[in-house]
Amino acid sequence: AIQDLIEPDDIIWVHDYHLMGVGNALRKFGVSARIGYFLHTPFPPLDIFIKLPWRFEILQHLLSYDLIGLQTRRDRRNFVQCVHAMIKDVRITGKGRVLGTEIHGRKVRIGNFPISIDFDEFAQQARSSEVEKRQKELKYIFKARQLMMGVDRLDYTKGIPERLMAFRNALKRFPDLHSKISLLQIVVPSRMNIPEYNELKQEIELLVSEINGEFTKPGWVPIQYIFRSIDRTELVAFYRAADIAFITPLKDGMNLIAKEYCASNIFKNGVLILSEFAGAAAQLHRQALLLNPYHLELAAEKIYQAYHMTYAERKKRMGALRKEVKRSNIYWWVETFLDAVFSMP
């Protein structure tokens, strides 16, 4: 289908792991057009990658592209290490975002291009009358309590059980949080035909039930749990209402929820708690509260720190976060990638 559509001067841009082999197939068809590839998921380190039975085939397919785009410097470093270890006669040159690679006389570029969001779209919607109305309703429902929010697709990489256990740890260790903070956990259904995902759903719902059963008091339920898809207006209203975003994946290519929360936080009064294993941490680590999601005690302490953070510090941190997300938005990502393709010799 691609071969039938392309013109001589076209550039082809292939996305994600499902289509890793497209570039190699096109080369076998004799296609000489420039082909870029972007991987939306993390690239594993050598000791993990080398376990794959198809490790050489995957590298061969990826090296058929003219430009290989990865999310973070860590992903790029992992990929380069795999190439060095498994491919002979490799020469890698250059510094900065894009490296030059020569393999058997063929030039391939490898770069890191952190994907992002349309900052202005989220910021404008956050100011809309519909979002404002819904946000006020949520604030009334939760009254004087601080609202901490997690929103994730149902997936084992998102660290939802660990997040719930960290919140339970915080409630056990810091009784002054009782009746003063609530966790709103939104889980969007995903791959429900796979048994392991149903098991994960059951694990999450059991934890929610146990924690609420242990700590609920008249007028306060610690965890509000939603299992359904929600529309954009409602989601942005939740972002606006949330005093704290609790985003703690065990591993994520980027995690755009973190960036959407910052863009929607138009009054700069929110706190971002972020896993160091999210790709977004490479850009947002200076002003977010970083944690290891497996370290439940530390995660609990970050919740406590976020709850007690002063308005001045919140505003300073969130202002810097919003500035970074606005600067490196989705249009910057596209332009940066395409500039690297067009500038190839």
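Hi everyone, let me start with helix 13, where A299, A300, K302, I303, A306 and Y307 are buried, meaning under 20% relative accessible area with a 1.4 Å probe, protein chains only. Looking down the axis of helix 13, these buried residues fall within an arc of 155°, so they line one face of the helix; the arc is taken from the directions from the helix axis to the C-beta atoms.

A quick note on the source: this is a predicted model, where local features need pLDDT of at least 70 and side-chain atom pairs count only at pLDDT 80 or more, while totals for chains, interfaces and linings use all residues. Residues are numbered from 1 along each chain as its sequence is written, and side-chain values use heavy atoms, with hydrogens and water left out.

Helices (H or I, at least four residues) and strands (E, at least two) are DSSP runs, numbered from the N terminus.

Strand 2 (residues 34-38) and strand 3 (residues 67-70) run parallel, joined by 3 bridges, and G36 stands opposite L67 in strand 3.

Last, the cores: sets of buried Ala, Val, Leu, Ile, Met, Phe, Trp, Tyr and Cys residues joined through side-chain atoms within 4.5 Å. The largest has 52 residues, and M149, F238 and Y239 are among those with the most contacts inside it. A second, separate core of 34 residues includes Y197, V208, F246 and A299, and A299 brings us back to the buried residues of helix 13. Thanks, everyone!

Note on methods:
Buried < 20%, exposed > 50% of the residue type's maximum accessible area, 1.4 Å probe, protein only. Pairing = 2+ DSSP bridges.
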